[in-house]
Amino acid sequence: MTRIRVHDTRHTCASLLAALDVHPRVAMRILRHSQISVTMNVYTQIPSPETRKALDRLNESLDS
């Protein structure tokens with residue numbers, strides 16, 4: 001049985017919010033962090049332009 005850690009889901013959520021261009025302060029509040037640096041430096045992985053382009057293409061193909 002796979003165990004999902006809350007820490008892992010916070011990383012995913014923070015990264016998705018960043019990819020969706022949600023303002024960092026809003027992401028900080030959603031994730032209930034007290035400091036924006038924790039949200040941006042610890043939890044958020046911002047995709048490269050190439051990764052974003054690939055994800056956009058994948059999204060378009062799934063919408064068809």
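## Basis of the model

Because the model is predicted, local features need pLDDT of at least 70 and side-chain atom pairs count only at pLDDT 80 or more, whereas totals for chains, interfaces and linings use all residues. Residues are numbered from 1 along each chain as its sequence is written, and side-chain values use heavy atoms, with hydrogens and water left out.

## The salt bridge

A search of the whole structure finds one salt bridge, a term that stands for a side-chain nitrogen of Lys or Arg within 4 Å of a carboxyl oxygen of Asp or Glu. The partners are Asp21 and Arg52, with a distance of 3.6 Å from N to O. The pair links distant parts of the chain, 31 residues apart, with Asp21 in the loop between α1 (6-19) and α2 (24-30) and Arg52 in helix α4 (residues 49-63); helices here are DSSP runs (H or I, at least four residues), numbered from the N terminus, as are strands (E, at least two).

Asp21 counts as exposed at 60% relative accessibility, while Arg52 is partly exposed, with a relative accessible area of 30%. In these terms, buried means under 20% relative accessible area, exposed over 50%, and partly exposed in between (1.4 Å probe, protein chains only).

Ala19 lies in helix α1 and is partly exposed, with a relative accessible area of 21%. Leaving aside neighbours within four places in sequence, Ala19 is in contact (heavy atoms within 4.5 Å) with Pro47 and with Arg52, the latter being the salt-bridge partner of Asp21.

Ile30, in helix α2, is partly exposed at 48% relative accessibility. Not counting residues up to four places away in sequence, Ile30 touches Cys13 and Leu17; the C-alpha atoms of Ile30 and Leu17, which are 13 residues apart along the chain, are separated by 9.5 Å.

## The largest pocket

The largest pocket has a volume of about 230 Å³. On a 1 Å grid over the protein atoms alone, a pocket is an open set of points where a 1.4 Å probe fits, with protein on both sides within 12 Å along at least five of seven lines, and lining residues have an atom within 4 Å of a point. The volume is the space filled by probe spheres set on the points, which are joined across faces, edges and corners.

Among the lining residues are Ala19, Pro47 and Arg52. Helices α1 and α4 each supply at least two residues of the lining, and α4 gives the most, with five. By class, the lining has five nonpolar, four polar and two charged residues, where Ala, Val, Leu, Ile, Met, Phe, Trp, Tyr, Cys and Pro count as nonpolar, Asp, Glu, Lys and Arg as charged, and the others, Gly among them, as polar.
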